[in-house]
Amino acid sequence: MKYPIREYLGTKELYLKMAKIAIPVSLQQLITVGINLMDTIMLSSMGDAQLSASSLAGQFITLFQICCMGIGMGASVLTSRFWGMKDLTSLKKAVTIMLRFLLVFAGVFTAATIAVPGLIMQIYTPDPELIHYGVIYLRWMIPTYICMGLSLTCTIVLRTVGQTLIPLTCSICAFFVNVFFNWVFIFGHLGAPRMEIAGAALGTLIARIFELAFICGYFFFIDKRIRYRLQDFFMNARDLVREYFRVSIPVLISDSLLALGNNAVAMIMGRIGQAFVAANSVTDVVQRLSSVLTTGISNASGIITGHTMGEGDYEKAQKQGYTFLFLGFLIGCAAALVILLLRTPIINYYDVSAEAKAIAYDLMDAIILIVIFQSMNSILTKGVLRAGGDTKFLMAGDILFLWVASIPLGYLAGLVFHWSSFWIYTMLKIDQIIKCVWCYYRLKSGKWLRKIHGAGETAKN
């Protein structure tokens, strides 16, 4: 279907609604990057072994976090749609299934960490010293799974009904809580014992407990929009289970396989050489910062699309999809320009070898190209198309292009053909370019606009 050019540009009302969601989410993402940076800076003074061990142990926790994101984002497809339909009963049932599903996942990760922390660390490193420190870190972090899981999934649900300031406020407070208790327990200030890596784990755990009390206290006892209360956890949600898993399981599988795929990409980089790894570390902060605004727009596009389709206006949702795609292109171009202007001072800030700096320039050149496609692709895959209920299609794309294109091509480029750093990195990220084109044609076809069935309805295959 073709629309006049002004239909692609969106309305003032759309941009205002988007800004109310995207700005708080982007700020929250920026704070998360800041927390990770502060943790790294503080623990780095304890030596390479403790810093590396916390980073590797954090990979297992990050895997759980990504699973939580998959569970929460899968549920958000339903909750945003039901909010637009004003079907609070189905919305509560979707939340109930989400929380039950989450508790199972949290139980598995908690049990694994209690039973075999050493085996978990051996997955990431054979170094006995790193395993020793990593086990210390993991043991202190045992309660974090339930805390992080509940606060993260409830945050995602709150966003779908327009509650973005509460999670942002929580993240700002958690930032200061984390930094303060890290400072106290890592270094032994204010009469506390000097705990080093255990102190870093304890500081992070305290911040997670704070987030749990803040977010879940609001969600279960104060919130007036969803009005979900503790007793709702025991409600009969059987009639929505099939629809929930039809939509949510592909999201969980997609996000989990992407996480494993990114680990595989990191393994390839690690085998190319130390200079390549060092150069990638230099560009890592740039990559994270360049995705902050894209993350906000992706969340906003998904929520708004869900609301629009919940209201039954599928044609409007199609028009908004083009608007968000165009906005993604503009954001990508802006990010590319910023990286181009700042790459020299950023690279020169780091005290790395001349070889690593030369490789970093090549990687920055590749990022400048890729970030444009990545911005458009993220808004479609994590926002518009996912909110449309097209989760199986997106799961297939994530599996196909990462595991069939990026990983094998990156392996061949780096370890077999020994191409230049620019082309190695481009091959490792080629899935972003392919998915962008693939998802554009999916958006254009209109096949992504799928009906979501509420409680009591019979889902059609």
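Me: What should I know about the model before we start?
Reply: It is predicted: local features need pLDDT of at least 70, side-chain atom pairs count only at pLDDT 80 or more, and totals for chains, interfaces and linings use all residues. Residues are numbered from 1 along each chain as its sequence is written, and side-chain values use heavy atoms, with hydrogens and water left out.

Me: How do the axes of H14 and H15 cross?
Reply: H14 spans residues 354-387 and H15 spans 391-416; their axes come within 9 Å and cross at roughly 150 degrees. Helices here are DSSP runs (H or I, at least four residues), numbered from the N terminus. Axes are lines fitted to C-alpha atoms over the stretch in contact, with angles from 0 to 180 degrees between N-to-C directions.

Me: Roughly parallel or roughly antiparallel?
Reply: Roughly antiparallel, the label for angles over 145 degrees.

Me: Which residues meet?
Reply: From H14, Thr-381, Lys-382, Leu-385 and Arg-386; from H15, Thr-391, Leu-394 and Asp-398. Contact means heavy atoms within 4.5 Å. The contact residues divide into two nonpolar, two polar and three charged.

Me: New topic. What is the phi of Glu-196?
Reply: Positive, about 55 degrees, though Glu-196 is not a glycine. Glu-196 lies in the loop between H8 (165-187) and H9 (197-221).

Me: Where is Arg-227?
Reply: In the loop between H9 and H10 (238-272). Arg-227 is also a non-glycine with positive phi, near 60 degrees.

Me: What are the relative accessible areas of Glu-196 and Arg-227?
Reply: Glu-196 is partly exposed at 26%. Arg-227 is partly exposed at 44%. Partly exposed lies between buried (under 20% relative accessible area) and exposed (over 50%), using a 1.4 Å probe and protein chains only.

Conventions. Helices (H or I, at least four residues) and strands (E, at least two) are DSSP runs, numbered from the N terminus. Angles under 35 degrees count as roughly parallel, over 145 as roughly antiparallel, 65 to 115 as roughly perpendicular and the rest as oblique. Ala, Val, Leu, Ile, Met, Phe, Trp, Tyr, Cys and Pro count as nonpolar, Asp, Glu, Lys and Arg as charged, and the others, Gly among them, as polar.
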